[in-house]
Amino acid sequence: MVKKYMNCVGDLIFSPDVQNLEHYAQHGDISRLRHSLNVSYYSFLICRIFGLHYRDAARAGLLHDLFFYYWQDLSPENTKSHVLLHPRIALENARVITKLNRREEEIIALHMFPLCGRFPRFLETYIVSLVDKICAFMEALTFIKRIPRLCRVKIASRNR
């Protein structure tokens with residue numbers, strides 16, 4: 001299965017822009033590259049199971065967050081606009097590194113559905129959007145699970 005996945009994204013995965021995502025935190029200590037790989041691979045699997053365009057889902061899933069700034073450092077007002085702005089930035093950046101078809105473009109542009117205000121035309125867009133949210137939740141949960149341990153370490157070291 002990994003070989004079939006790599007056949008879909010192999011030309012993108014090692015591009016300097018995609019690899020650069022490793023340097024940006026996405027959720028907790030999960031890099032934007034790791035998050036994008038998670039979204040890409042699980043979208044690929046789901047679309048493949050349902051006989052949908054799994055190649056398009058895998059490629060767009062990998063490129064859906066192709067932007068190069070720390071959204072966590074934005075002010076609350078700018079964080080709200082980031083939610084709607086970053087898909088367009090990712091789409092522009094993706095167009096620089098590869099030729100996209102209409103389905104891939106829609107997946108990247110509308111991956112924040114329903115916040116984007118438009119209904120997607122392709123089932124793959126709904127799937128990538130849902131997988132993105134599930135991955136973000138699981139990545140944040142992994143980070144949150146570590147917080148009590150960190151607090152215990154600090155409390156224990158203060159009592160000594």
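Is Arg95 buried, exposed or partly exposed? With a relative accessibility of 44%, Arg95 counts as partly exposed. Keep that residue in mind, as we will return to its partner below. Please note that this is a predicted model.

## Two helices side by side

Let us start with a pair of helices. Helix H1 covers residues 2–13 and helix H4 covers residues 54–63. The two pack against each other at an angle of about 35°, and their axes lie 9 Å apart. Their crossing is right-handed.

Which residues of H1 and H4 meet? On the H1 side they are Tyr5, Cys8, Val9, Asp11, Leu12 and Ile13. On the H4 side you will find Tyr54, Arg55, Ala58, Arg59, Leu62 and Leu63. Two of these names, Asp11 and Arg59, come back in the next section.

## Salt bridges across the chain

Side chains of opposite charge can pair when their charged atoms come close. How many salt bridges does the structure hold? There are 6 salt bridges, and three of them are described here, each with a residue of helix H6 as one partner.

In one of them, Glu104 pairs with Arg59, with 3.3 Å between the closest N and O atoms. This pair links distant parts of the chain: Glu104 belongs to helix H6 (residues 102–109) and Arg59 to helix H4, 45 residues apart. Glu104 counts as buried because its relative accessibility is 2%, and Arg59 is buried because its relative accessible area is 4%. The cut-off for buried is under 20%, so both partners fall in that class.

Now back to Arg95. Its side chain meets that of Glu105 in a salt bridge, at 3.1 Å from N to O. Here, too, distant parts of the chain are linked, with Glu105 in helix H6 and Arg95 in helix H5 (residues 76–97), 10 residues apart. Glu105 counts as partly exposed, at 23% relative accessibility, and Arg95 is partly exposed at 44%.

Another salt bridge joins Arg121 and Glu106, whose closest N and O atoms are 3.6 Å apart. Arg121 sits in the loop between H6 and H7, while Glu106 is in helix H6, and the two are 15 residues apart.

Ile134 itself counts as partly exposed because its relative accessibility is 46%.

## A loop residue and its contacts

Finally, look at Glu22. Where is Glu22 placed? You will find this residue in the loop between helix H2 (16–20) and strand S1 (25–27). Glu22 counts as partly exposed, since its relative accessibility is 44%.

Setting aside neighbours within four places in sequence, Glu22 is in contact with Ser31 and Leu33. Glu22 and Leu33 are 11 residues apart in sequence, and their C-alpha atoms are 4.9 Å apart in space.

Key
Residues numbered from 1 in each chain as written. Predicted model: local features only at pLDDT ≥ 70, side-chain atom pairs only at ≥ 80, totals over all residues. Heavy atoms only, no water. Buried < 20%, exposed > 50% of the residue type's maximum accessible area, 1.4 Å probe, protein only. Helix = DSSP H or I, 4+ residues; strand = E, 2+ residues; numbered from the N terminus. Contact = heavy atoms within 4.5 Å. Axes fitted to C-alpha atoms, helices over the stretch in contact; angles between N-to-C directions. Left-handed = near helix turned anticlockwise from the far one by under 90°. Salt bridge = Lys/Arg side-chain N within 4 Å of Asp/Glu carboxyl O.
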